[in-house]
Amino acid sequence: MSKTTRNSVYIAASLDGYIADENGGVDWLHAYPNPEQSDMGFNDFMGRIDALLMGRNTLDIVLSFGGEWPYSKPVFVLSNSLTKVPEDYEDKVILVKGNISSVLTSLHEQGLKRIYVDGGNVIQQCLAEDLIDELVIATIPVLLGKGIPLFGELAKPLAFEHQHTTKHIDAIVQNTYLRVRG
């Protein structure tokens, strides 16, 4: 990616590196009380992005939460099988198809320079093609033992530089890393 674009991940993972349990569930994300309803830096993060790119499974999880649509930015859903946007979300979700590199290039060319990449499969595709510039990972101190992993196989190692660590609600540690290139 060029210096004027940035693809960022903002995600929570278990201590053993899973983003969902073996059934795709994320109830364990709420294992620790959050009485002050801390957003754990999410609103600040969202203030820095232009659009979201997520996979179909992530869209399904977001829709399962019910309530109001949580995003004020354009949401692109990468799916090569979904043929139409779920009813009542036609003005909130845009379907995109193709390989991850082409999709991100197209979004950047539309003036969307800072993309929030979400969803295990989409994140893994981006990392496999070295398309992630920033990782913001909140570690929930829970061991799942198995589930959907955050990271997959890579053709070569990718170096990231640690930027900072933030502790939330006396339990969750959030680390921010930037990709080291060149």
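Is leucine 104 buried or exposed, and what is its relative accessible area? In this predicted model, leucine 104 is buried, with a relative accessible area of 0%. The residue belongs to helix H3. Leaving out residues up to four places away in sequence, leucine 104 touches Asn7, Leu53, Ile115, Cys126 and Leu131. The separation between leucine 104 and leucine 63 is 41 residues in sequence and 23 Å in space, C-alpha to C-alpha.

Helix H3 spans residues 100-109, and its buried residues are Ile100, Val103, Leu104, Leu107 and His108. These residues lie on the same side of H3, because they cover an arc of only 130 degrees around the axis. An α-helix has 3.6 residues a turn, so residues three or four places apart point the same way. The cover over the buried residues of H3 includes strand E1 (6-14), strand E3 (51-55), strand E4 (75-78), strand E5 (93-96) and strand E6 (114-118), together with helix H4 (120-128). Just after H3, glycine 111 has a positive phi of about 95 degrees.

The N-terminal end of H3 is capped by asparagine 99, a side-chain oxygen of which lies 3.1 Å from the backbone nitrogen of serine 101. A polar atom of the asparagine 99 side chain also lies 2.7 Å from the backbone nitrogen of serine 102. Asparagine 99 sits in the loop between E5 and H3. With a relative accessibility of 43%, asparagine 99 counts as partly exposed. Between asparagine 99 and valine 180 there are 81 residues in sequence and 24 Å in space, taken from C-alpha to C-alpha.

Helix H4, part of the cover of H3, has buried residues of its own: Gly120, Val122, Ile123, Cys126 and Leu127. An arc of only 165 degrees around the axis holds these residues, which puts them on the same side of H4. Cys126 is also among the residues touched by leucine 104.

After H4 comes aspartate 130, which has a positive phi near 55 degrees. Aspartate 130 is placed in the loop between H4 and E7. The relative accessible area of aspartate 130 is 17%, and the residue is therefore buried, the cut-off for this class being under 20%. Apart from neighbours within four places in sequence, aspartate 130 is in contact with Lys156, Leu158, Arg179 and Arg181.

Although isoleucine 169 is not a glycine, its phi is positive, at about 40 degrees. Isoleucine 169 has a relative accessible area of 26% and is partly exposed. Aspartate 170 is found in the loop between E9 and E10, and its phi, near 55 degrees, is likewise positive in a residue other than glycine. Aspartate 170 counts as exposed, at 70% relative accessibility.

Isoleucine 169 is one of the residues touched by asparagine 34; the other is Met40, with residues up to four places away in sequence not counted. Asparagine 34 is located in the loop between E2 and helix H1 (42-47). Asparagine 34 has a relative accessible area of 18% and is buried. From this loop position, the side chain of asparagine 34 reaches the backbone nitrogen of serine 38 at 2.8 Å.

The largest pocket contains about 1,400 Å³ of space. Its lining comprises 47 residues, and those nearest the centre of the pocket are Leu29, Ile61, Phe65, Tyr116 and Asp118. At least two lining residues come from each of E1, strand E2 (18-20), helix H2 (56-64), E6, H4, strand E7 (134-140) and strand E10 (172-179). Helix H2 gives the most to the lining, with six residues. By residue class, the lining divides into 26 nonpolar, 17 polar and four charged residues. E1, E6 and H4, which supply residues to the lining of the pocket, are also included in what covers the buried residues of H3.

Conventions: Residues are numbered from 1 along each chain as its sequence is written. This is a predicted model: local features need pLDDT of at least 70, side-chain atom pairs count only at pLDDT 80 or more; totals for chains, interfaces and linings use all residues. Side-chain values use heavy atoms; hydrogens and water are left out. Buried means under 20% relative accessible area, exposed over 50%, partly exposed in between (1.4 Å probe, protein chains only). Helices (H or I, at least four residues) and strands (E, at least two) are DSSP runs, numbered from the N terminus. The arc is that of the directions from the helix axis to the C-beta atoms. Contact means heavy atoms within 4.5 Å. A polar contact is a pair of N or O atoms within 3.5 Å; within protein, one must be able to donate a hydrogen and the other to accept it, and residues adjacent in sequence count only if both atoms are side-chain atoms. On a 1 Å grid over the protein atoms alone, a cavity is a set of points where a 1.4 Å probe fits but cannot get out, and a pocket is an open set with protein on both sides within 12 Å along at least five of seven lines; lining residues have an atom within 4 Å of a point. Grid points are joined across faces, edges and corners, and a volume is the space filled by probe spheres set on the points. Ala, Val, Leu, Ile, Met, Phe, Trp, Tyr, Cys and Pro count as nonpolar, Asp, Glu, Lys and Arg as charged, and the others, Gly among them, as polar.
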